Amino acid sequence: MSAIGATRGENVTADSVNALLENGRILTTPVLRSVVARLAPPMDTVASYHFGWIDQAGLPAEGDGGKAVRPALALLSAQAAGAPAEAGVPGAVAVELVHNFSLLHDDLMDGDEQRRHRHTVWKVHGPSQAILVGDALLALANELLLEQGTAEAGRATRRLTSATRKLIDGQAQDISFEHRERVTVAECLEMEGNKTGALLACASSIGAVLGGASEADADALEEYGYHLGLAFQAIDDLLGIWGDPETTGKQTWSDLRQRKKSLPVVAALAAGGPASERLGELLLADAKNPENDAFSEEEFALRAALIEEAGGREWTSEEARRQYATAIAALDKMDMPDEIQRKLVGLADFVVVRNK
């Protein structure tokens, strides 16, 4: 996928994208820390561990805080509307709080014991703290926006709450799919649009809203973010099966272990042919044997190979390209500085050309 966006984002280098992400961290982290500090003990400590600011013993740490794509998008969207990046900081922090609310709950629901090469919160502090801290972060996100006290903050809050509801819808759909024999490609795309696309859409528009953008301009940025989210999730689905554990921080075949009906799986099952039929037979047998912890690595490898043979891997890679192209086209619906548009294209390139 290295050629994606070459004609639009060719002047945005990897170093400049990293600088965008780092600038997002610099502007948002102090505000994020101050907001998290409002939490009552021990939730403040648990949240600090989750964000990588302290270790299990409570000592200062420099953990991996994630890619910081959403804060960078929020700040760029403010600049796309002609406002300074700083105008988007409350929106960037609010989106980051919602994103981490979802991570805390998702890790518990999925039984994931590792995130960003560290034990997850529920594993260290227990399920109750993971739930409570997640709920608290969600409340803080809305509190932060509303206390800005402007009409633009009210508009931004409406977009954030709508995105949050869709995110929760997507997680519910994702869980329900694990217990179904078949899921259509359309259903999978709808789920991923809710679970991932909605919050990236919000991140891509919330700074512009806070900066006074029109609804039409905010909608164009939201469309960019939504389709970028689908491209992001398609790549994530590929990494969930074929990603390097040393890079992703997750187990080999992680999505297969969790019975996820991700895009490569669903596309492979819909393709028809011997590999597709054999895969369907194996997954049906798996559904009747919930104790797949006893499976050998060779059995997971077989499923991954069948998905690839049936065309699920190639189809998902192409879908990432299609969604990327739709995202980039949406940027032309808004009049913005060329430099900012190039940065948005460059950030999109970063999202879809990655290995973790």
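How exposed is Asp-219, judged by its relative accessible area? Asp-219 is partly exposed, at 40%. The points below go through this predicted model, beginning with the contacts of that residue.

1. **Asp-219 and Arg-159.** The side chains of these two residues meet in a salt bridge, 2.9 Å from N to O. Arg-159 belongs to helix H7 and Asp-219 to helix H9, so the bridge ties together parts that are 60 residues apart in sequence.

2. **Arg-155 and Glu-215.** Here is another link between H7 and H9. Arg-155 forms a salt bridge with Glu-215, and their closest N and O atoms are 2.5 Å apart. Arg-155 lies in H7 (residues 151–177) and Glu-215 in H9 (residues 215–242), so this pair, too, joins parts 60 residues apart in sequence. Arg-155 is buried at 17% relative accessible area. Glu-215 is partly exposed at 40%.

3. Asp-169 and Arg-165 form a salt bridge, with 3.3 Å between the closest N and O atoms. Both residues sit in helix H7, four residues apart, which is about one turn of the helix. Asp-169 is partly exposed, with a relative accessible area of 32%. Arg-165 is also partly exposed, at 47%.

4. **The wider count.** How many salt bridges does a search of the whole structure find? The total is 23. One network of salt bridges links Asp-110, Asp-174, Glu-178, Lys-195 and Lys-260.

5. **Asp-106, a buried charge.** Asp-106 is found in helix H4 (residues 89–110). This residue is buried yet has no salt bridge. Which side chain of opposite charge is nearest to Asp-106? It is Lys-195, 4.3 Å away. Asp-106 does make a polar contact, side chain to side chain, with Gln-171 at 3.2 Å. Leaving aside neighbours within four places in sequence, Asp-106 is in contact with Gln-171 and Lys-195.

6. **Helix H2.** Six of the eight residues of H2 (residues 43–50) are buried, so the helix is largely enclosed by the rest of the structure. The buried residues are Met-43, Val-46, Ala-47, Ser-48, Tyr-49 and His-50. They pack against helix H1 (14–36), H4, strand E2 (118–119), helix H5 (121–125) and helix H6 (127–146). Just after H2, Gly-52 takes a positive phi of about 85°.

7. **The aromatic pair.** The count of aromatic pairs comes to one. Phe-51 and Trp-53 form that pair, which is stacked, with 4.9 Å between centres and 15° between the planes. Phe-51 is buried, with a relative accessible area of 7%. Trp-53 is buried as well, at 11%.

8. **Charges over rings.** Arg-70 lies over the face of Phe-232, 5.9 Å from the ring centre. Arg-322 lies over the face of Trp-315, at 5.3 Å from the ring centre.

9. **Ala-186.** Ala-186 and Leu-228 are 42 residues apart along the chain, and their C-alpha atoms are separated by 17 Å.

Notes. Residues numbered from 1 in each chain as written. Predicted model: local features only at pLDDT ≥ 70, side-chain atom pairs only at ≥ 80, totals over all residues. Heavy atoms only, no water. Phe/Tyr/Trp six-rings, centres within 6.5 Å; stacked < 30°, edge-to-face > 60°. Buried < 20%, exposed > 50% of the residue type's maximum accessible area, 1.4 Å probe, protein only. Lys NZ or Arg CZ within 6 Å of the ring centre and 35° of its normal. Helix = DSSP H or I, 4+ residues; strand = E, 2+ residues; numbered from the N terminus. Lys, Arg positive; Asp, Glu negative; His and termini not counted. Salt bridge = Lys/Arg side-chain N within 4 Å of Asp/Glu carboxyl O. Polar contact = N/O pair within 3.5 Å; in protein donor to acceptor, adjacent residues only side chain to side chain. Contact = heavy atoms within 4.5 Å.
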